[in-house]
Amino acid sequence: MMKPLMIFGMLLAATPLAAQQTFATPDGCTAKLTVQHKGCVLVNVWTCEADDEGDQWMTLIGEAGLFSLQRVDAEFQWLESYKVTGSEKLDQPAPDPASLSELLQNQVDTFDFTLITDQGPQRNVGYDQLTGETVEIDGETLYRTLYEGKTFDAEGNEIEANGGRQYVSEKHRLFLLGEAWDAATPDQVTDLSPVEFIYPGEAGFFVDRPKYECGVIESGYDQ
């Protein structure tokens, strides 16, 4: 299996301005799901035989092309990410790992973990909470969540603080983009909620272009 940075480089070269219409997974991997979001964002999800059980890869594609490739585990811990802004890797074991299972069982999950980034270690603390609401989008039943989080540098200085409302798919063991805002400007909300879920064999599966609200918003969302 190719190294993640090789995969990212290949995909980055292929998607931003290319005319290709479909997105190819690396050898030994299987395409699972495409989710088209508001705000001109597309997410493709796949799994690979060489990974641990429950691990999933996700690409986030915006109007200008691929901007994030990441691997998550069954608890939706961000194991590694490769972005146009640099790479990130989870420092394990975390003091308080993010846990999708705990969220679903107890309605709330706190987290305290550090990502090793190209800019140095960044500590992330906060919580995810189920609101008690479920919604159906394109035939998929999703839980609504609230979250708040803060990021600190190695010296303990706050880099950012944000909050939002997301969606959780228990079926796919995924968090899905929703509404997000900076803690300093909570009235300025970015809405990247899911619109369409596409499976193998369906039109639009594993395409390389987002389709909703493009030309309106150039998303800077960073999951």
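Among the contacts in the chain with a separation of 6 or more, 46% are accounted for by residues 24 or more positions apart, a contact being taken as heavy atoms within 4.5 Å. The structure is a predicted model, in which local features need pLDDT of at least 70 and side-chain atom pairs count only at pLDDT 80 or more, whereas totals for chains, interfaces and linings use all residues. Residues are numbered from 1 along each chain as its sequence is written, and side-chain values use heavy atoms, with hydrogens and water left out.

The chain contains 2 helices and 13 strands, assigned as DSSP runs numbered from the N terminus (helices: H or I, at least four residues; strands: E, at least two). Of its 223 residues, 48% count as buried, where buried means under 20% relative accessible area, exposed over 50% and partly exposed in between, with a 1.4 Å probe and protein chains only. The accessible surface of the chain comes to about 10,900 Å², and 49% of this area belongs to carbon and sulfur atoms; accessible areas come from the Shrake-Rupley method with a 1.4 Å probe, and for residues only the protein chains shown count as cover.

Two cysteine pairs were then examined. A search of the whole structure finds 2 disulfides, each defined as a pair of cysteine sulfur atoms within 2.5 Å. In one of them, Cys29 and Cys48 are joined with their sulfur atoms 2.0 Å apart, and the link is right-handed, with 100° about the S-S bond. Because Cys29 lies in strand S1 (residues 29–37) and Cys48 in strand S2 (residues 41–48), this pair ties together parts that are 19 residues apart in sequence. Both Cys29 and Cys48 are buried.

A disulfide also joins Cys40 to Cys214, with an S to S distance of 2.1 Å. This bond links distant parts of the chain, since Cys40 is in the loop between S1 and S2 and Cys214 in the segment after strand S13 (194–198), 174 residues apart. The torsion about the S-S bond of Cys40 and Cys214 is about 95°, so this disulfide is right-handed. Cys40 counts as buried because its relative accessibility is 1%, whereas Cys214, at 28%, counts as partly exposed. When the bonded cysteines of the chain are numbered in sequence order, the pairing is 1-3, 2-4.

Phe113 is placed in strand S7 (residues 108–117) and counts as buried because its relative accessibility is 9%. Leaving aside residues up to four places away in sequence, Phe113 touches Trp78, Leu90, Ala94, Pro95, Gln122, Arg123 and Asn124. The C-alpha atoms of Phe113 and Asp91, which are 22 residues apart along the chain, are separated by 7.2 Å.
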